[in-house]
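Hi,

Here's the structure I promised to pass on.

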Amino acid sequence: METLIRDIPDFPKKGVVFKDITPLLGNAAALAEVVDRLAVPFADAGVEAVVGIESRGFIFGSLVAQRLGVGFVPVRKLGKLPYKTIQASYDLEYGRDSVEMHVDAIAPGQKVLVVDDLIATGGTVGAACQLIEQLGGQIVGLAFVIELSFLKGRHRLSRYRMHSLIDVSSE
Ligand code: AMP
């Protein structure tokens, strides 16, 4: 599976090694295995909705939702969702960014699994969790294909059950 993730140095900017998951998406067997391995640990967790983060989280999140037999909720960058939204901001290396979710996307008490392709600093998924909890959702877990563990995103999210498939422990 690791061999289907391609390192692209200095993309989208100098110093970043971008993890390109498109070869993995193009391989039917590997994609099915990834979706299975993301979903199965939460099969008995009573998940009622999967939240996926724009944009690669939409791909894995939708497939995991289908695998678990539940619906999918998108968390998007600012200005992309058409209905009334709530927003949360998070820190970037330089400045801040925001994500949003529809106000009626999660029902109070609903059990939610959050899925993204990769966790780096944890800022993005932290903002998504803030939105889910603001709507009264109950986060049962966070699932990622890749964890850049040297950035220690896991530490700021230690109150959640976190599951990742591939650990990248150094730059
Ligand atoms: P962070 O908020 O720092 O945890 O960043 C996670 C988000 O940024 C995810 O939605 C990832 O898709 C994207 N991202 C961050 N770093 C990388 C990377 N090295 N390669 C691919 N995507 C990344």
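The ligand has 14 residues around it, and the closest are Arg56, Asp117, Thr121, Gly122 and Thr124. Keep in mind as you read that this is a predicted model. Sorted by class, that shell is made up of six nonpolar, four polar and four charged residues.

As for where the shell comes from, strand S2 (17–20), strand S7 (111–119) and helix H4 (123–134) each put in at least two residues. S7 has the largest share, with four residues.

Now for the polar side of things. An N or O atom in the side chain of threonine 124 sits 2.5 Å from an oxygen atom of the ligand. Aspartate 116 brings a polar side-chain atom to 2.7 Å from a ligand oxygen, and alanine 120 has a polar backbone atom 2.9 Å from an oxygen of the ligand. On its own the ligand would expose 490 Å², and the protein buries 82% of that. The space the ligand takes up is also the largest pocket.

One more residue I'd like you to look at is glutamate 54, in the loop between strand S3 (49–53) and helix H3 (56–68). Is glutamate 54 buried or exposed? Its relative accessible area is 14%, and the cut-off for buried is under 20%, so glutamate 54 counts as buried. Its side chain makes a 3.1 Å polar contact with the side chain of arginine 76. A polar atom of the glutamate 54 side chain also lies 2.7 Å from the backbone nitrogen of lysine 77.

Cheers

Notes. Residues numbered from 1 in each chain as written. Predicted model: local features only at pLDDT ≥ 70, side-chain atom pairs only at ≥ 80, totals over all residues. Heavy atoms only, no water. Near = heavy atom within 4 Å. Polar contact = N/O pair within 3.5 Å; in protein donor to acceptor, adjacent residues only side chain to side chain. Areas by Shrake-Rupley, 256 points an atom, 1.4 Å probe, with all protein chains shown as cover. 1 Å grid on protein atoms, 1.4 Å probe; cavity = no way out; pocket = protein on both sides within 12 Å on 5 of 7 lines; lining within 4 Å. Sits in = over half its atoms within 2 Å of the grid points. Nonpolar A, V, L, I, M, F, W, Y, C, P; charged D, E, K, R; others polar. Buried < 20%, exposed > 50% of the residue type's maximum accessible area, 1.4 Å probe, protein only.
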